[in-house]
Protein chains: 2
Amino acid sequence: MRGKPTMIDVADEGGISLGTVSKVLRGDPTVSSKLRERVLAACRKLNYQRNWIAASLRSRQTNTVGIIIPDILNTFYATLVEKLENLASVGGYTVVIVTTGEEPQRALQRINVVKDRLVDGVIVIPSLGSSETLASSVGADLPCVIVDRVAADNPFPSVATDNFDAAYQGARYLLSLGHRHIAIAANSPRLWNTRERIAGFERAMAEGNGRADVRIVGMTVEEARISLEGLLGERERPTALFTSNNLVTLGAVGALRSCGVSVPHEISLLAFDDFEWLRLLRPAISAINQPADQIAVEAWRLLSHQMSGRPVSNPHVRAAGQLVIRESTAQHGRIGKRAGARE
Amino acid sequence: MRGKPTMIDVADEGGISLGTVSKVLRGDPTVSSKLRERVLAACRKLNYQRNWIAASLRSRQTNTVGIIIPDILNTFYATLVEKLENLASVGGYTVVIVTTGEEPQRALQRINVVKDRLVDGVIVIPSLGSSETLASSVGADLPCVIVDRVAADNPFPSVATDNFDAAYQGARYLLSLGHRHIAIAANSPRLWNTRERIAGFERAMAEGNGRADVRIVGMTVEEARISLEGLLGERERPTALFTSNNLVTLGAVGALRSCGVSVPHEISLLAFDDFEWLRLLRPAISAINQPADQIAVEAWRLLSHQMSGRPVSNPHVRAAGQLVIRESTAQHGRIGKRAGARE
DNA sequence: ATGCGTTGGAATAACGTTTCATAATAGGCA
DNA sequence: TGCCTATTATGAAACGTTATTCCAACGCAT
């Protein structure tokens with residue numbers, strides 16, 4: 001035996017056949033406990049490690065899943081990855097992570113990398129422009145779950161926050177504080193999650209007779225900051241601002257600082273996406289929290305059911321966002337009056 | 001041809017031998033351009049995709065690297081992962097990410113997962129307690145680079161911030177502002193990076209005749225917050241606080257808020273680890289930035305050289321941290337006087 | 001024209017598993 | 001005891017590549 005020991009070495013060591021060793025290691029029940037013990041002993045003795053590659057080649061499954069996300073630095077996606085990695089791990093799967101950025105061509109190239117890797121399934125957060133090509137590219141012949149950015153006509157199992165309703169509730173909350181002129185700062189209407197959030201916002205504003213001010217501010221923190229500095233400098237500026245994701249929120253906070261606009265006295269701020277730092281800013285920022293935990297669990301359920309051939313029930317999950325009220329949102333007109341904080 | 005096309009199908013299609021097809025696809029130069037063209041044409045026609053698993057089995061290399069990190073939600077590690085993923089990708093490698101938490105037994109189990117996966121190399125940020133076992137576990141028979149938490153007697157190629165010097169400079173800066181009683185809030189002295197930071201801090205304090213107050217505050221934000229609330233309540237509390245990483249900083253900011261201690265008037269705050277939000281807090285927090293970019297590049301250099309069998313020069317890299325001065329650090333005794341901000 | 005070196009293509013044996021069709025063994029019952 | 005069934009073990013054939021050995025063909029020089 002040169003190099004790493006193989007199953008053959010184990011078989012020889014224990015005086016057992018190769019096939020039986022394989023059975024034991026796969027947990028096949030049709031093997032007597034006596035032989036099983038012998039096999040296990042031989043494995044321990046040789047410090048045998050199963051060669052997963054050979055197994056995959058023969059069995060045609062890799063026990064690996066791909067996760068395709070735009071950006072790991074987006075805290076929401078990082079949280080999702082963290083939880084998915086745990087779920088996959090307890091299920092005996094390994095996770096391959098691929099980041100696409102928001103550039104379509106890079107996304108496609110990266111998706112092919114994953115497909116080449118012959119993963120058993122994929123969890124995809126589509127990036128800007130890759131949504132359309134996804135169908136032909138991946139989902140057709142591979143178990144697949146779409147997360148967060150779900151196209152209206154998306155045929156694959158999917159999980160996302162109920163963006164429409166969450167934004168609707170957020171806007172209603174701002175309206176209930178007396179605001180009438182409210183802006184939503186959104187990165188790009190080509191993103192389906194953003195599109196839904198804008199729609200929910202607009203619906204609430206229409207119902208509440210508010211003036212809906214939709215601003216497209218770009219995909220990066222920097223673009224958002226610059227764009228919103230423009231907004232804050234306008235003569236008739238809104239009395240409340242609703243940011244459509246955590247990156248935009250960052251840009252918004254930067255803009256509010258640099259323009260010296262005080263929150264919530266001069267303008268109220270409500271963020272989509274909650275995370276640790278919002279609590280620590282002064283004023284602490286009110287936000288709509290996306291239940292990352294639930295989203296990850298459901299995504300894993302949908303994927304693992306597909307991979308094991310089980311029927312997939314409820315293939316289109318929508319999770320409710322939660323409004324977390326802090327200090328950045330206040331009654332319009334009553335300067336200094338807080339809207340009430342819970343936490 | 002049923003199912004996916006294989007190289008054999010391609011060979012048949014083009015009327016060429018299997019071996020030649022393999023050569024072409026691997027870019028072997030000893031094949032005439034005429035045949036190469038025929039092969040490529042056949043591949044396109046059949047929409048052939050190379051089976052990477054079979055190739056790996058035979059060639060004994062997987063073109064995959066593992067990244068083992070404690071926690072993807074730690075922004076510093078997430079940044080590192082992002083950059084490493086890009087570097088690996090352009091080098092033709094895929095990245096498998098595994099998170100260990102700070103629990104030793106989980107770490108070991110996860111490391112084995114990676115080894116089972118037969119990766120070509122590993123980049124490891126050791127977690128609490130896994131440092132010691134790493135040597136026997138992974139580095140012995142696998143190209144390996146240790147990042148960030150480098151044991152004093154670590155034999156493997158490694159990259160990290162020069163923690164000692166960075167902390168030394170940070171402490172000297174605080175001393176230069178007139179502070180004499182300074183506390184460092186550190187997560188655990190069992191972590192090598194923390195240990196080095198404490199040592200650098202202590203050295204500077206000794207040289208400057210300051211009173212070094214080392215506080216071990218635990219691994220989580222919550223633990224740190226509680227622990228530091230205790231510190232802030234003490235009668236003789238320090239006039240400056242140095243936090244040893246971004247999680248502790250979070251806890252510290254929380255504690256300062258809940259205790260109503262004003263920064264920098266009552267206490268100065270200097271953070272180890274810089275990131276976006278520190279700029280947006282009020283006051284903006286001074287920090288020591290770790291050059292994640294440089295660290296990732298060096299780590300990849302060390303790993304890829306090992307994997308390709310090239311000699312590894314400078315196997316122990318230390319990158320300089322940069323002091324970024326903002327508003328949270330001020331002259332001791334001169335209330336309200338800012339220390340000067342650059343940005 | 002013959003021999004020799006060189007080059008490019010083909011054939012074939014691994015790589016280390018899983019899987020499937022048999023073979024062997026044990027157990028139960030007449 | 002002998003036969004039939006149910007159970008467990010064996011052996012060999014894949015899986016789709018890469019690596020190595022072996023030929024054929026060609027050019028060049030003698």
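A:Ser89 is placed in helix 5 of chain A; helices (DSSP H or I runs of at least four residues) and strands (DSSP E runs of at least two) are numbered from the N terminus. This is a predicted model, in which local features need pLDDT of at least 70 and side-chain atom pairs count only at pLDDT 80 or more, while totals for chains, interfaces and linings use all residues. Residues are numbered from 1 along each chain as its sequence is written, chains are lettered from A and ligands numbered from 1 in the order in which they are written, and side-chain values use heavy atoms, with hydrogens and water left out.

**Surroundings of A:Ser89**

- A:Ser89 counts as buried because its relative accessibility is 18%; buried means under 20% relative accessible area, exposed over 50%, and partly exposed in between, with a 1.4 Å probe and protein chains only.
- Not counting residues up to four places away in sequence, A:Ser89 touches B:Gln109 and B:Arg110, where contact means heavy atoms within 4.5 Å.
- The side chains of A:Ser89 and B:Arg110 are joined by a polar contact of 3.1 Å. A polar contact is a pair of N or O atoms within 3.5 Å; within protein, one must be able to donate a hydrogen and the other to accept it, and residues adjacent in sequence count only if both atoms are side-chain atoms.

**Salt bridges**

- Over all chains, the structure holds 36 salt bridges, each defined as a side-chain nitrogen of Lys or Arg within 4 Å of a carboxyl oxygen of Asp or Glu.
- B:Arg110 also forms a salt bridge with A:Glu85, at 3.1 Å from N to O. This pair crosses between chains, linking helix 6 (residues 104-116) of chain B to helix 5 (residues 75-90) of chain A.
- Both of these residues, B:Arg110 and A:Glu85, are buried.
- B:Glu85 and A:Arg110 form a salt bridge in which the closest N and O atoms are 3.0 Å apart. This pair runs between chains from helix 5 of chain B to helix 6 of chain A, and both B:Glu85 and A:Arg110 are buried.
- Within chain B, the side chains of B:Glu229 and B:Arg225 meet in a salt bridge of 3.0 Å, N to O. The two residues lie 4 residues apart in helix 10 (residues 221-233), about one turn of the helix.
- B:Glu229 counts as partly exposed at 24% relative accessibility, and B:Arg225 counts as partly exposed at 22%.

**The sheet of chain B**

- In chain B, 6 strands form an open sheet with mixed pairing, in the order 7-6-8-9-10-12; two strands pair if DSSP finds at least two bridges between them.
- Strand 7 (211-216) and strand 12 (322-324) of chain B are the edge strands, each pairing on one side only.
- Strand 6 (residues 181-186) and strand 7 of chain B pair in the parallel sense over 6 bridges. B:Ala185 has B:Arg215, in strand 7 of chain B, as its bridge partner.
- Helix 8 (residues 163-176) of chain B lies across several strands of chain B, including strand 6 and strand 9 (268-272), and runs at about 170° to strand 9. Axes are lines fitted to C-alpha atoms, for helices over the stretch in contact, and angles run from 0 to 180 degrees between N-to-C directions.

**Domains of chain A**

- The domain assignment, which is automatic or from a database, gives chain A domain 1 (7-50), domain 2 (64-157 + 292-308) and domain 3 (163-291).
- The C-alpha centres of domain 1 and domain 3 of chain A lie 62 Å apart.
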